[in-house]
Amino acid sequence: MCGIFGKFTTGRPLDPELCREQTDSLAHRGPDGAGYLFACRASGEVFLSSPQNGLKPSPNKGWDMFLGHRRLAVFALSPQAAKPMSDPSGLGHRLRLPSPD
């Protein structure tokens, strides 16, 4: 059992801290890891973070999409099996998506 939580808005931007708290409320479904993805459709910016790296997204970026997950380690117990929310260094990172034009 793992836990997945997502939000999408066309109105006011999402509150990053509230999104993280709502995902973390699923810790009983996945106590072995977590990851958070924030996205802004207007700018194409994406921000990935996890409790392990401690990075927090800027609350003023206009995030309008969020996906969070909680991981339950059953078969692959090593931290290297944690997917898909962090890069190989374990640090969150930002990237800019190409424009759909």
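How many aromatic pairs does a search of the whole structure find? I shall answer that after a few words on the model.

This is a predicted model, in which local features need pLDDT of at least 70 and side-chain atom pairs count only at pLDDT 80 or more, while totals for chains, interfaces and linings use all residues. Residues are numbered from 1 along each chain as its sequence is written, and side-chain values use heavy atoms, with hydrogens and water left out.

Let me begin with confidence. The predictor's confidence in each residue is its pLDDT, on a scale from 0 to 100. The protein chain averages 79, and 73% of the residues score at least 70. Confidence is highest in helix α1, residues 16-24, at 92, and lowest in strand β5, residues 94-96, at a mean of 48. Over residues 93-97 the pLDDT is below 50, yet this stretch has 16 contacts in the model beyond near neighbours in sequence; a contact means heavy atoms within 4.5 Å. Where pLDDT is low, the predicted coordinates should not be read in detail.

I turn now to the helix. Helices (H or I, at least four residues) and strands (E, at least two) are DSSP runs, numbered from the N terminus. At the start of α1, a side-chain oxygen of Asp15 comes to within 3.0 Å of the backbone nitrogen of Glu17. Pro16, Cys19, Arg20 and Thr23 of α1 are buried, that is, under 20% relative accessible area with a 1.4 Å probe, protein chains only. Viewed down the axis of α1, these buried residues fall within an arc of 100°, so they line one face of the helix; the arc is taken from the directions from the helix axis to the C-beta atoms. Their cover includes β1 (3-8), β2 (33-40), β3 (45-49) and β4 (65-71).

Finally, the opening question: the search finds 4 aromatic pairs. Rings of Phe, Tyr and Trp (its six-membered ring) pair if their centres lie within 6.5 Å; planes under 30 degrees apart count as stacked, over 60 as edge-to-face and the rest as tilted. Tyr36 and Phe66 have ring centres 6.5 Å apart and planes at 20°, so this pair is stacked. Tyr36 belongs to strand β2 and Phe66 to strand β4, so the pair ties together parts 30 residues apart in sequence. Both Tyr36 and Phe66 are buried.

For Phe38 and Trp63, the centres are 6.0 Å apart and the planes at 50°, so that pair is tilted. Phe38 lies in strand β2 and Trp63 in the loop between β3 and β4, 25 residues apart. Phe38 is buried at 0% relative accessibility, and Trp63 is buried at 1%. Together, Phe5, Tyr36, Phe38, Trp63 and Phe66 form one aromatic cluster.

Terms used
Buried < 20%, exposed > 50% of the residue type's maximum accessible area, 1.4 Å probe, protein only. Polar contact = N/O pair within 3.5 Å; in protein donor to acceptor, adjacent residues only side chain to side chain.
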